[in-house]
Amino acid sequence: MILKGYVLPGLPQPLLTPKASPHYQNLRNAFDQVKSEINSLKPDVILVYSTMWPSILGHQIQSRPICRLIHVDEEFHDLGSIPYEFYMDSELAKTCAAKAQVRGLHARTADYEGFPIDTGSVVALKLLDVQTSKIPAVIFSSNIYADRTETVVLGKACLDALKEQNKTAVAVVVTTLSNRLHQSFIDPAEDKIHSLKDQEWNLKILEFFEKGRLEDLAQLSRQIQREARVKKVNNFKPLWWLSSVMGANNKYTGKVLAYESVYGTGSAVVSLTPAAESARDLEFDEDSPEVFAGERNVLSGEGSENQNAMRSIEDNQD
Amino acid sequence: MTSSSSGQIVAGCLAPHPPHLIYAENPPQNKPRSEGGWETLRWGYEVMQKNLDALNYDVLVVMTPHWRTYVGTHLLGLPHFKGISIDPVFPHLFQYNYDLKVDVELSTAISDQIGQAGLPTKLMKNPDFRVDYGTIISCHLVNPLWNKPIVAISTHASAAYFSPDVMQEEALKLGMATRKAILGSGKRAVLLASNSLSHRHFTHEPPLPEDMSFEHITNHSQYLWDMKMIGLMKDGKSKEMVSLIPDFTEQAISETDSGALTWLMSAMDFPKIPAKVHAYGTVIGTGNAVVEWSGI
């Protein structure tokens, strides 16, 4: 069961140099609020989907019980080093991978000493101070080749795993809204959103969040990718995962705890609390797939891996 | 080749960095063990390595697609880095203990020239920094003894931020800045562009990653594009090859989006001699060529 969902930014300034800019300090304060909320909720686990951990061979899931390293961001290395020690819910990670496979996804766990957890996950988990609270996490990579179906199905697999282990969770996506950085060195005190267009799109996205319209927003992901994102990957995926893992609806109380620029990006801290009433009662345009049916190779024959996955799900539902 | 009274670019190489090649070699620095694989590419690297060794060079200068910086060009700026590098994409193949030396004097000179060309640049001076696996793999494959210092240069995402044409313009300037710095350094440098050609991966791998019965190009159009580019290299038509890079980048999903190959050709002032193509092979569906320009 998901107790609450959060959208958190992943650049390191709010962690390493909050006083360099009122923007970064505002984000830091919002992170502190999220930390308090999560500590009060006492979830069994924090699920993190990070847009800053790319993968190619399907979805990777961090499962090492204790992750300990000193991290340095490849871009903002001059801001300092980030020593960390995080706890992963190894058993849940393994179950998530297994459930994803049942639903036709290619997924596997990552359990390697010295594995470099991405900047976004490190920043989020450090600012949530899980080192003190000892709340374990499970981190999911963002598959660069995946599109909506795979990402939605991954969210459902996470829910399957939570149900099987009877655990409560907070769901976090680490992502910016608009992701365009300034391409020259700036004075942090003068940080601002990269362009007016990015700013307008960010405000529109936040308007949806404030109304609790998560699934509506998720269904706008392709347009957000076209309008407000640098095309580093094929699509804007985190809201597909978040909406899927939270139930694919608009029944939330949304709060924008902070919205600021970090080196030009639209960085927001947003909370979504499940509510009794739906913001809007709409018929969603896009389907809610149960399994990933593969790359739709017209030559794939009877008994393919994907058809087997579909049958397996149907059997389980029976 | 490109010489002055002082420094010299004695060779330039297309030196791709699939972690699979290190995994297949089983060097002592890498933890995972394999039964081999991707021999065509590895044997091509062996020939190129011998050729380069004979040139008695002082420093390797590598431009790497896996140190992506969005704000300016960054260069390693401390003399020594040691640690473990785990590829976050293929962690089961690459867990490599590195111990490398940096030619900080040349790094600084290149950074200065980049700045004078009007482009943002920064030296990386955090001792905890983890060197990217592109740098490590390309340098290991041309110099497994690690007995030469390196200069590592980051790449931008300007192909994604703007367009491949903008990437091209920036990379040409970076190449010229690199060339100026080397010619003024009194050093004999080998340049490495650490990128694949076509770069569409398979999203699955066989249970045994080195099972070569599964290895082939992802699709034929990528093969045709790779052959077009290699053909121009072999014919000594580097300027024509560079002029195709924006289209190649978009249509073959090429790792030339990093700008590394454009940078290499610009730094070498567009060599007119035929390139020595030591190998072409695929790695998890991507097209990779081991290519050397030397002896001008």
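# Exercises on a predicted two-chain model

B:Val131 is located in the loop that runs between strand 7 (121–124) and helix 4 (133–142) of chain B. The structure is a predicted model, and the exercises below treat selected places in it.

## Exercise 1

Determine whether B:Val131 is buried or exposed, and state how far B:Val131 and B:Asp99 are from each other in sequence and in space.

*Solution.* Step 1. The relative accessible area of B:Val131 is 3%. The cut-off for a buried residue is under 20%, so B:Val131 is buried.

Step 1. Along the sequence, B:Val131 and B:Asp99 are 32 residues apart. From C-alpha to C-alpha, the separation of B:Val131 and B:Asp99 is 10.0 Å.

## Exercise 2

Identify which residues form the negative surface patch and which helices of chain B each supply at least two residues of it.

*Solution.* Step 1. The residues of the negative surface patch are B:Asp165, B:Glu169, B:Asp247 and B:Glu250.

Step 1. Helix 6 (164–183) and helix 8 (238–251) of chain B each contribute at least two residues to the negative patch.

Step 2. B:Glu169 belongs to helix 6 of chain B. With 49% relative accessibility, B:Glu169 is classed as partly exposed.

Step 3. Helix 8 of chain B also contains B:Thr249, which is buried at a relative accessible area of 8%. A polar atom of the B:Thr249 side chain lies 2.7 Å from the backbone oxygen of B:Ile245.

## Exercise 3

State how many salt bridges the structure holds over all chains, and explain why the pair A:Lys4 and A:Glu37 ties together parts that are apart in sequence.

*Solution.* Step 1. Over all chains, there are 24 salt bridges.

Step 1. One of them joins A:Lys4 and A:Glu37, with 3.2 Å between the closest N and O atoms. A:Lys4 is in strand 1 (residues 2–8) of chain A, whereas A:Glu37 is in helix 2 (residues 22–41) of chain A, so the pair links parts that are 33 residues apart in sequence.

Step 2. A:Lys4 has a relative accessible area of 12% and is buried. A:Glu37, at 18% relative accessibility, also counts as buried.

## Exercise 4

Describe the salt bridge between A:Arg103 and A:Asp160, and name the residues of the network that contains this pair.

*Solution.* Step 1. The closest N and O atoms of A:Arg103 and A:Asp160 are 2.6 Å apart. A:Arg103 sits in the loop between helix 3 (90–102) and strand 6 (107–110) of chain A, and A:Asp160 in helix 6 (residues 148–165) of chain A, so this pair ties together parts 57 residues apart in sequence.

Step 1. A:Arg103 is buried at a relative accessible area of 8%, while A:Asp160 is partly exposed at 21%.

## Exercise 5

Locate the two partners of the salt bridge between B:Glu205 and A:Arg108, and decide whether they are buried or exposed.

*Solution.* Step 1. B:Glu205 and A:Arg108 form a salt bridge whose closest N and O atoms are 3.7 Å apart. This pair crosses between chains: B:Glu205 is in the loop between strand 9 (188–193) and helix 7 (220–234) of chain B, and A:Arg108 is in strand 6 of chain A.

Step 1. B:Glu205 and A:Arg108 are both buried.

Step 2. Salt bridges with shared partners join A:Arg103, A:Lys156, A:Asp160 and A:Glu290 into one network.

## Exercise 6

Explain why helix 4 of chain A is largely enclosed by the rest of the structure, and describe what lies at the N-terminal end of this helix and just after it.

*Solution.* Step 1. Helix 4 (residues 119–127) of chain A has 8 of its 9 residues buried, so the rest of the structure largely encloses it. Among the buried residues are A:Val122, A:Val123 and A:Leu125.

Step 1. The N-terminal end of helix 4 of chain A is capped by A:Asp118, a side-chain oxygen of which is 3.1 Å from the backbone nitrogen of A:Gly120.

Step 2. Just after helix 4 of chain A, A:Asp129 adopts a positive phi of about 55 degrees.

## Exercise 7

State what phi A:Lys42 and B:Ile284 have, and where each residue is found.

*Solution.* Step 1. Most residues other than glycine have a negative phi. A:Lys42, which is not a glycine, has a positive phi of about 50 degrees. B:Ile284 is not a glycine either, and its phi is positive at about 45 degrees.

Step 1. A:Lys42 is in the loop between helix 2 and strand 2 (45–55) of chain A, and counts as exposed at 64% relative accessibility.

Step 2. B:Ile284 is in the loop between strand 10 (276–283) and strand 11 (286–294) of chain B. At 6% relative accessibility, B:Ile284 counts as buried.

Conventions. Residues are numbered from 1 along each chain as its sequence is written. Chains are lettered from A and ligands numbered from 1 in the order in which they are written. This is a predicted model: local features need pLDDT of at least 70, side-chain atom pairs count only at pLDDT 80 or more; totals for chains, interfaces and linings use all residues. Side-chain values use heavy atoms; hydrogens and water are left out. Patches are made of residues with over 30% relative accessible area and no salt bridge: like charges are joined within 9 Å, nonpolar side chains (Val, Leu, Ile, Met, Phe, Trp, Tyr) within 5 Å. Accessible areas come from the Shrake-Rupley method with a 1.4 Å probe; for residues, only the protein chains shown count as cover. A salt bridge is a side-chain nitrogen of Lys or Arg within 4 Å of a carboxyl oxygen of Asp or Glu. Lys and Arg count as positive and Asp and Glu as negative; His and the chain ends are not counted. The place of a charge is taken as NZ of Lys, CZ of Arg, CG of Asp or CD of Glu. Helices (H or I, at least four residues) and strands (E, at least two) are DSSP runs, numbered from the N terminus. Buried means under 20% relative accessible area, exposed over 50%, partly exposed in between (1.4 Å probe, protein chains only). A polar contact is a pair of N or O atoms within 3.5 Å; within protein, one must be able to donate a hydrogen and the other to accept it, and residues adjacent in sequence count only if both atoms are side-chain atoms.
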